[in-house]
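Please keep the sequence and the model side by side while you go through the points.

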Amino acid sequence: MKRKIIDIDEEKCTGCGLCIPDCPEGALQIIDGKARLVSDLFCDGLGACIGTCPEGAICVVEREAGPYSEEAVMEKIVPQGMGVVKAHLEHLLGHGEEALYHRALEYLNAHEIPVPPHETPAAPAACPGTVARSLQREEAGSAKQAARIESELRQWPVQLTLVNPSASYFDDADLLVSGDCVPFAYPEFHRDFLQGKILLIFCPKLDADTEGYITKLAEIFSRHTVRSITVLHMEVPCCSGVRYIVDKALKRAGKEIPVAEKTITLQGEAVEGSIVRRRGPGTGHRREM
């Protein structure tokens with residue numbers, strides 16, 4: 001069957017193991033110094049492991065894979081203790097997988113195993129990129145108002161799903177590849193980034209066919225002389241998949257094209273390279289690259 005499942009870039013993976021604790025289902029192991037998906041059976045494809053990979057080596061793709069089995073997962077994790085069971089239940093709730101959650105409860109009840117206390121769907125186990133938060137802004141007074149910014153859009157369509165890889169506007173193009181949310185977070189998107197560039201946008205977390213995106217970008221790179229690529233993504237971990245997809249497409253096309261990467265913070269600032277979050281025991285910190 002074809003379904004969503006994680007994919008690990010072995011070249012980027014350093015074997016640090018930070019992804020392992022965020023996979024209570026036990027689908028990941030460190031083998032020969034690299035994180036490996038040990039069984040399709042245990043991977044639910046929800047991507048909880050993405051946010052803790054400091055190298056951006058993990059993404060969710062859609063491919064032929066064996067069906068996920070909640071019963072097999074429960075059989076595997078129950079012997080590991082109630083802490084692991086609790087993390088698994090919160091993981092399912094945090095991603096809105098109520099059907100799988102109830103199947104997990106059915107397994108516990110059928111085997112007369114007590115259900116451990118666990119958080120509601122708003123649990124911290126949810127993907128960091130979906131956590132609700134308010135952003136404080138100053139009121140837009142007359143002093144902040146400026147001249148109208150004109151559109152710098154040079155082509156249509158812009159969604160990667162819809163573009164034609166043979167379109168002539170890719171010839172000798174400077175390409176801007178952006179996460180969907182970037183133009184909403186960065187107020188000067190047109191002036192600072194889009195001017196003089198051909199735009200492609202997509203969401204590496206919500207869009208289903210990321211493998212198709214790699215194939216289409218590789219075709220664009222192969223058919224045309226692309227002069228440069230600018231990658232823009234939000235600071236939330238799942239959005240770093242934009243760079244991953246570009247890198248995979250370049251490798252598949254056998255092309256070496258200069259790539260500049262910028263991360264957009266939730267406060268609307270641009271940071272060179274990528275912001276990588278590392279979590280220590282009980283705390284979190286990040287480093288800028």
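1. Of the 289 residues in the protein, 47% are buried, and please bear in mind from the start that this is a predicted model. The protein has seven helices and 11 strands. If we take the contacts with a separation of 6 or more, residues 24 or more positions apart account for 69% of them.

2. Two packed helices are described by the angle between their axes and the distance between the axes. Helix α1 covers residues 70-77 and helix α3 covers residues 98-110, and their axes come within 9 Å and cross at roughly 50 degrees. The crossing in which α1 passes α3 is right-handed.

3. Which residues in α1 and α3 meet? On the α1 side they are E70, E71, M74 and E75, and on the α3 side they are L100, R103, A104, Y107 and L108. Sorted by class, this contact of α1 with α3 has five nonpolar residues, four charged residues and no polar ones.

4. Within α1, the residues E70, A72, V73, M74 and I77 are buried, and the buried residues of this helix pack against α2 (82-94) as well as α3.

5. Side chains of opposite charge can pair when their charged atoms come close. The structure holds 14 salt bridges, and one of them joins the side chains of E71 and R103, with 3.3 Å from N to O. Since E71 lies in helix α1 and R103 in helix α3, the pair ties together parts that are 32 residues apart in sequence. R103 has 31% relative accessibility and so counts as partly exposed.

6. A further salt bridge is the one between R227 and D174, where the closest N and O atoms are 2.9 Å apart. R227 lies in the loop between α6 (210-223) and β7 (228-234), whereas D174 lies in strand β5 (residues 174-179), so this pair ties together parts that are 53 residues apart in sequence. With 49% relative accessibility, R227 counts as partly exposed.

7. E272 and K262 also form a salt bridge, and here the closest N and O atoms are 2.3 Å apart. The pair links strand β9 (residues 270-272), which holds E272, with strand β8 (residues 259-264), which holds K262, and the two residues are 10 residues apart. E272 is exposed, with a relative accessible area of 53%, while K262, at 22% relative accessibility, counts as partly exposed. Elsewhere, K12, R243, D247 and E261 are linked in a network of salt bridges.

8. My last point concerns T230, a residue of strand β7. Is T230 buried or exposed? At 12% relative accessibility, T230 counts as buried. Leaving aside residues up to four places away in sequence, T230 touches L175, L176, V177, K197 and A260. The C-alpha atoms of T230 and L199 are separated by 9.6 Å, and these two residues are 31 residues apart along the chain.

Definitions and conventions:
Residues are numbered from 1 along each chain as its sequence is written. This is a predicted model: local features need pLDDT of at least 70, side-chain atom pairs count only at pLDDT 80 or more; totals for chains, interfaces and linings use all residues. Side-chain values use heavy atoms; hydrogens and water are left out. Axes are lines fitted to C-alpha atoms, for helices over the stretch in contact, and angles run from 0 to 180 degrees between N-to-C directions. Helices (H or I, at least four residues) and strands (E, at least two) are DSSP runs, numbered from the N terminus. A crossing is left-handed if the near helix is turned anticlockwise from the far one by less than a right angle, and right-handed if clockwise. Contact means heavy atoms within 4.5 Å. Ala, Val, Leu, Ile, Met, Phe, Trp, Tyr, Cys and Pro count as nonpolar, Asp, Glu, Lys and Arg as charged, and the others, Gly among them, as polar. A salt bridge is a side-chain nitrogen of Lys or Arg within 4 Å of a carboxyl oxygen of Asp or Glu. Buried means under 20% relative accessible area, exposed over 50%, partly exposed in between (1.4 Å probe, protein chains only).
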